[in-house]
Amino acid sequence: MTGAVAARAGRTDSRAGSWSIRGRSLELDRPLVMGVLNVTPDSFSDGGRYLRPEDAIARAGRLAEEGADLLDVGGESTRPGAGAVSAAEEWDRIGPVLEALRGLDVPLSVDTTKAEVARRALGAGAAVLNDVSGLRSDPEIGDLAAESGAGLVLMHMRGTPRTMQEDTSYDDLVGSVLAALAEALERALERGCSAEQVVLDPGIGFGKDASGSRTLLARAGVFAVRGRPVLVGPSRKSFIGETLGLPVDERVEATVAACVVALAAGASVFRVHDVAAARRALDMAAALLREA
Ligand code: HH2
């Protein structure tokens, strides 16, 4: 693709290069699919399904077979209005699953905002720390990433899951998210992380209304501060329900559409529950985009 075509498509070179995750380097010349594994009773779409370690482990194997490049294991729901869970409880949920998945060939990410959980997850072999607070909740997560060399996902969220949907209006949504992600990246660098460890995420549905979430996906490449890759997590979220009037168990096609549009706009990593569908669609879309 020529620079002019890339510029017309609103794309940056954020999809070039690689992501450094604890001694491994993930090349970004193809879309990376991050499969979601929530070990929670209350996640908005898969809560309660993988609470028994054996069910979580079976699910992880299935997502790996379907072509996940990474698995994101979470022990605390961040759905709108969700309350906080203690570090001990979060670890009780995900610890046995992480230990059991140690041998899996797919790198593990842990979705947490707590340094204590992140530290134990690193001890159990996790390669990526996914912090939806962008190092605002517990900046020590930045130290842990720096020491371990783990990948670090920094997401934008205004407020906390409990409060974030109370006010979703912005004077300049894209500008605010971009500025906050640039600050989050600075926090990580100040803590000693290298830029190569960091991936940035505009936080689909986190303090945004449906229109805002659509905007962030359609302009995903804009958030590639300093050329860092962009991750998006549109999977099954309520902006799809609001756009198409579909219930949570009928949002696979729309999730895939959101991923493909974000890919065309410059995103590199896609956090989804329905890995097989996203894998095929993204690989096909990437092959098409290479001809543009
Ligand atoms: N979305 C959710 C959780 N973690 N992490 C990143 N980086 N980006 C996201 O968009 C993102 C995320 C929410 O989705 P889910 O895990 O399915 O639900 P819940 O928070 O209810 O467990």
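This is a predicted model: local features need pLDDT of at least 70, side-chain atom pairs count only at pLDDT 80 or more; totals for chains, interfaces and linings use all residues.
## Basis

Local features need pLDDT of at least 70 and side-chain atom pairs count only at pLDDT 80 or more, while totals for chains, interfaces and linings use all residues. Residues are numbered from 1 along each chain as its sequence is written, and side-chain values use heavy atoms, with hydrogens and water left out.

## Nonpolar cores

The largest nonpolar core has 72 residues, and Leu-37, Leu-129 and Leu-152 have the most contacts inside it. Helix H6 (residues 173-190) gives the most to this core, with 7 residues. A core here is a set of buried Ala, Val, Leu, Ile, Met, Phe, Trp, Tyr and Cys residues joined through side-chain atoms within 4.5 Å. Buried means under 20% relative accessible area, exposed over 50%, and partly exposed in between (1.4 Å probe, protein chains only). Helices are DSSP runs of H or I with at least four residues, numbered from the N terminus.

A second, separate core of 13 residues includes Trp-19, Leu-26, Leu-70 and Val-128.

## Helices H4 and H5

Ala-115, Ala-118, Arg-119 and Leu-122 in H4 meet Glu-140, Ile-141, Leu-144 and Ser-148 in H5, where contact means heavy atoms within 4.5 Å. H4 covers residues 115-123 and H5 residues 140-148.

## Val-260

Val-260 lies in helix H9 (residues 252-264) and is partly exposed, with a relative accessible area of 26%. Leaving out residues up to four places away in sequence, Val-260 touches Ala-281, Leu-282 and Ala-285. The C-alpha atoms of Val-260 and Leu-288 are separated by 11 Å, and the two residues are 28 residues apart along the chain.

Key:
Helices (H or I, at least four residues) and strands (E, at least two) are DSSP runs, numbered from the N terminus. Axes are lines fitted to C-alpha atoms, for helices over the stretch in contact, and angles run from 0 to 180 degrees between N-to-C directions.
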